[in-house]
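Trainee: I'd like to learn how to read a model like this one. Can we go through it together, feature by feature?

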Amino acid sequence: MKNPVAGNIPASEITPRELFYNRRRFMQMAAGASAAFLASKVFATEKLSAGTSSAYGLTDKLTPLEDVTRYNNFYEFGTGKEDPARLAGSLKTRPWTLSLEGEVHKPKTFDIDELLKLAPMEERIYRLRCVEAWSMVIPWIGFPLSELLKKVEPTSKAKFVEFITLHDPEQMPGQKTTVLEWPYREGLRIDEAMHPLTLLTFGLYGEMLPNQNGAPLRMVIPWKYGFKSAKSIVKIRLTEQQPVTSWMKAGPNEYGFYANVNPAVDHPRWSQAKERRIGEFFKRPTLAFNGYADQVAPLYAGMDLSKYF
Ligand SMILES: Nc1nc2c(c(=O)[nH]1)N[C@H]1C(S)=C(S)[C@@H](COP(=O)(O)O)O[C@H]1N2
Ligand SMILES: [Mo]
């Protein structure tokens, strides 16, 4: 299979520039193109999985790459927004493995280069909305997490999925502090994890993920607050019990397990009704489920979302 990210050469042998198409051409296309056109140009030989459509936020103006890569939350490299861009160079992203374990019939450790070839890459422009009420619009590259989960065959006891970031204080100096419990842990319910919007992500803006954005692979769950989208993950564990995440431990009243973007449920210390798109001056109203309600609201039918926040 030809893969636009990995090609046929091991990723360790090629530079990001060789891996991807010309960025300027991509930017021109992204400015006006429809999803289908963009996808057909970018991944000309790829069969795109069902689910890529303009309904997923393609009409939004993209956040400039400079902001996407210089204004980050990645506490392993400090709590300041500009710390990760400055400090994440110490993260070694090769060799890298991702282990799938727990309630699965076929546990397996995948090498990053094997993962890159596992499923066709898709480009999807998704909003990322931080709990701190800023947001960005980013062209991500990856494939639905469901593709990977199906390969390891979840057991009937697999009710939740836990995502675990690398734990190595030498490479991640922020882990020498106690600002969060390390390693960073996040989680989803299994149906959320299997939802076609939930993306295992390897790149953005046509390039491999910059370290500060969670290289070499991270989650992107566009209808939830940004903290659910764990970066630089090394383990995915399927469990029967709901995992306790790093943010739930840090502030159980502030950060719930579900963390669906919800303008009607405020964070205890600030409103969630509006957000500032990075690069814009005026705030805009926040949309339920970050604008993906049509796709994901049925997952929560009958649930009290002020209780399960
Ligand atoms: N391992 C890890 N993943 C993480 C974080 C973190 O501190 N550590 N921060 C989260 C938060 S709060 C947000 S808003 C997003 C930010 O992603 P970005 O910097 O790529 O925009 O990453 C999330 N994933
Ligand atoms: Mo965030």
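Predicted model: local features only at pLDDT ≥ 70, side-chain atom pairs only at ≥ 80, totals over all residues.

Trainee: Okay, let me try the labels on one residue. Where is F289 found?

Mentor: F289 is in the loop between β12 (284-285) and α10 (293-296).

Trainee: And how do I read its backbone? What is phi of F289 near?

Mentor: General idea to begin with: most residues other than glycine have a negative phi. Phi of F289, though, is near 55°, a positive value in a residue other than glycine.

Trainee: Does F289 count as buried or exposed?

Mentor: The cut-off for buried is under 20% relative accessible area. F289 has 9% relative accessibility, so it counts as buried.

Trainee: Where does A259 lie, and what is its phi near?

Mentor: A259 lies in the loop between α9 (246-250) and β11 (274-277). Its phi is near 55°, again a positive value in a residue that isn't glycine. A259 counts as buried because its relative accessibility is 3%.

Trainee: Now peptide bonds. Which residues does a cis peptide bond join?

Mentor: Most peptide bonds are trans. Here, R94 and P95 are joined by a cis one, with omega about -10°. P95 has its place in the loop between α5 (83-87) and β1 (97-102). The bond from A215 to P216 is cis too, with omega near 0°, and P216 sits in the loop between β8 (207-208) and β9 (218-220).

Trainee: On to the ligand. How many residues surround ligand 1, and which are the closest?

Mentor: A residue joins that shell if one of its heavy atoms lies within 4 Å of the ligand. For ligand 1 there are 16 such residues, and the closest are N72, Y75, E76, R218 and K231. The shell divides into 7 nonpolar, 6 polar and 3 charged residues.

Trainee: Which side chain has an N or O atom 2.6 Å from an oxygen atom of ligand 1?

Mentor: That's R218. On the nitrogen side, a ligand 1 nitrogen is 2.8 Å from a side-chain N or O atom of E76, and there is a 3.0 Å pair between a ligand nitrogen and the side chain of T165. As for cover, the protein takes up 99% of the 540 Å² of accessible area that ligand 1 has on its own.

Trainee: And what about the space taken by ligand 1?

Mentor: That space is the largest pocket.

Definitions and conventions: Residues numbered from 1 in each chain as written. Chains lettered and ligands numbered in written order. Heavy atoms only, no water. Polar contact = N/O pair within 3.5 Å; in protein donor to acceptor, adjacent residues only side chain to side chain. Areas by Shrake-Rupley, 256 points an atom, 1.4 Å probe, with all protein chains shown as cover. 1 Å grid on protein atoms, 1.4 Å probe; cavity = no way out; pocket = protein on both sides within 12 Å on 5 of 7 lines; lining within 4 Å. Sits in = over half its atoms within 2 Å of the grid points. Nonpolar A, V, L, I, M, F, W, Y, C, P; charged D, E, K, R; others polar. Helix = DSSP H or I, 4+ residues; strand = E, 2+ residues; numbered from the N terminus. Buried < 20%, exposed > 50% of the residue type's maximum accessible area, 1.4 Å probe, protein only.
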